[in-house]
Amino acid sequence: MAPSHVLSAVVAASSLSLLFLAATVETLTLPVATNALAPFLTNRRRTYREEFLEMHNKYRGMVNLPPLTWDRNLTRYARRWGAKRAVDCKIVHSFGPYGENMFWGRLDHWTPSKVVESWGEEGQHYHMNNNQCDAGQMCGHYTQIIWKETLRLGCARIRCLNGEFLVICEYDPPGNYVSEKPI
């Protein structure tokens, strides 16, 4: 049997590893041992939520669609998928029951507003009249944002183990059905 100080060190190291992994997903609930930081992170989560909603609803408002509402279940789904992707930080879609936009960033300056703005700017390449995107451009993130039937949104911003991060937004009901227009 190992001496008690060795066992204590192993338990402490394991606790630190778990705390490090929990810290990589910025929207995770904090362990009991770090409750002193809970108000700060709760406010950050609220700010992220407000930024995600505000920017999504800005683009929806431009095409006269009603605003999305925040959904905790979608947020949980995005967070759980992000936790699985945190090891390699690759954009791999979950192929789950929801619509999904993903974003990868190397630098921390990509706020929720800037991420959604990058998706929304795809709208300049999308042509509603013929439901086409300009050659060589992406429009799917934008069309998911403005999908008429979509009502709910949940997003997570995940710091990967390599220091980069992913943003994942889930949409319910999903959009981007082949040959269908978003509006």
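Two strands are taken to pair if DSSP finds at least two bridges between them, and strands (E, at least two residues) are DSSP runs numbered from the N terminus. In this predicted model, local features need pLDDT of at least 70, side-chain atom pairs count only at pLDDT 80 or more, and totals for chains, interfaces and linings use all residues. Residues are numbered from 1 along each chain as its sequence is written, and side-chain values use heavy atoms, with hydrogens and water left out.

Strand 5 pairs with strand 6 in the antiparallel sense over eight bridges, and R159 has F165 of strand 6 as its bridge partner. The two strands form a hairpin with five residues between them, and G163 in the turn has a positive phi of about 95 degrees. Strand 1 (residues 69-70) pairs with strand 5 in the parallel sense over two bridges; there, W70 is partnered by L153. Because six of its eight residues are buried, strand 5 is largely enclosed by the rest of the structure. Buried means under 20% relative accessible area, with a 1.4 Å probe and protein chains only.

E164 lies in the loop between strand 5 (152-159) and strand 6 (165-172). With 15% relative accessibility, E164 counts as buried. Contacts (heavy atoms within 4.5 Å) link E164 to C89, W104, G105, R106, I158 and R159, not counting residues up to four places away in sequence. Its side-chain polar contacts are tabulated below; such a contact is a pair of N or O atoms within 3.5 Å, one able to donate a hydrogen and the other to accept it within protein, and residues adjacent in sequence count only if both atoms are side-chain atoms.

| Side chains | Polar contact |
|---|---|
| E164 and W104 | 3.0 Å |
| E164 and N162 | 2.9 Å |

How values were computed: Helices (H or I, at least four residues) and strands (E, at least two) are DSSP runs, numbered from the N terminus. Buried means under 20% relative accessible area, exposed over 50%, partly exposed in between (1.4 Å probe, protein chains only).
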